[in-house]
Amino acid sequence: MTPHVLETDFEDLKLLKRGKVRDIYDLDDALLMVATDRMSAFDVVMDDPIPGKGIILTQISLFWFDVMKSLVPNHVISSDVTEYPAVCRPYAEKLRGRSMLVRKAEPLSIECVVRGYISGSGWKSYQETNSVCGIDLPDGLKESDKLPEPLFTPSTKAEIGLHDMNIDFDEAVRMVGKDIAEKVKQLSLAIYNKGTEISDQKGIIIADTKFEFGIIDNEIILIDEVLTPDSSRFWPKETYAPGGPQKSYDKQYLRDYLGTIEWNKEPPPPPLPDTIVQKTYQKYKEALTQLTGRDDVL
Ligand SMILES: Nc1ncnc2c1ncn2[C@@H]1O[C@H](COP(=O)(O)OP(=O)(O)OP(=O)(O)O)[C@@H](O)[C@H]1O
Ligand SMILES: [Mg+2]
């Protein structure tokens, strides 16, 4: 049985923020990002963990940070717990595999979304306006269709509880300045293209994704997480069929199960049967193995 981490509470460290999945600690010079085994669906965090999920998410991000380092510098200092500052040492057991020590950056106020396929809020916008983030699209696209080319469709960062808001490129320019907006657009498309070239060969469609960039000493660096199932839509290539929503690579069993029970998609979440936990875990593991060829994690 894999030891699970539902929530961390490292008493000698300063908790900066608890996201739906990650706990972030402020170590003054650096940040400690810890991916827990929390799982959310329909924006509600389940009470039951998916043991080992946080390790897999961290390993997927580390894989991509490394692949992309020829395109853009990133925030990773180390993921080797023995290299972390001494204050982290008491928590080494929990941190191993699921954490990263990262450089503290000034995050840009925009989220850099790239869409290769039309889905989610992009599909909604297309139905209403034939465009996404001010970019006109051809007539006759079906839901989940591949776009003629990947689009940079930035959004603002939502306050807690609200949804991110799509913006057009001019608005992004107003928010971060022309030079930075153009640079992160070019970087986002380059990272997405390189990532999907790899994932495509491994049977995974990355339909869309969100990158975050930050500034350190006037340099733009890639921060947060990269091309994970949490920051992207992963679809299995095998069952891809445009003309409707696609099954999510990682959340399909959980969403299917939640559809079979009486639950109004508001907290509190229902308990999860063990089979759903196991199947979900297997999908995360499969994603890591398929993408990286690694079979050594758990
Ligand atoms: N290197 C970094 N320097 C500074 N801030 C960072 C760095 N990397 C990530 N961040 C910030 O840390 C936060 C990560 O939060 P997290 O993803 O855990 O929660 P969230 O995005 O608010 O919610 P959700 O659970 O929906 O993802 C983001 O605000 C991101 O901008
Ligand atoms: Mg996030």
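Because the model is predicted, local features need pLDDT of at least 70, side-chain atom pairs count only at pLDDT 80 or more, and totals for chains, interfaces and linings use all residues.

The chain holds seven helices and 17 strands; these are DSSP runs, H or I of at least four residues for helices and E of at least two for strands, numbered from the N terminus. Of the 298 residues, 52% are buried, meaning under 20% relative accessible area with a 1.4 Å probe, protein chains only.

Now zoom in on strand 15, residues 204-216: twelve of its 13 residues are buried, so the rest of the structure largely encloses it. Here is who pairs with it (pairing takes at least two DSSP bridges between two strands):

| Partner of strand 15 | Bridges and direction |
|---|---|
| Strand 8 (residues 106-107) | two bridges, antiparallel |
| Strand 9 (residues 110-117) | four bridges, antiparallel |
| Strand 16 (residues 219-223) | five bridges, antiparallel |
| Strand 17 (residues 232-236) | five bridges, antiparallel |

Ile 215 of strand 15 stands opposite Glu 106, and Ile 215 also has Ile 220 in strand 16 as a bridge partner. Elsewhere, Phe 211 partners Cys 112, while Ile 205 partners Trp 235 in strand 17. Strands 15 and 16 form a hairpin with two residues between them, and Asp 217 in that turn has a positive phi of about 50°.

Methods
Residues numbered from 1 in each chain as written. Chains lettered and ligands numbered in written order. Heavy atoms only, no water. Buried < 20%, exposed > 50% of the residue type's maximum accessible area, 1.4 Å probe, protein only.
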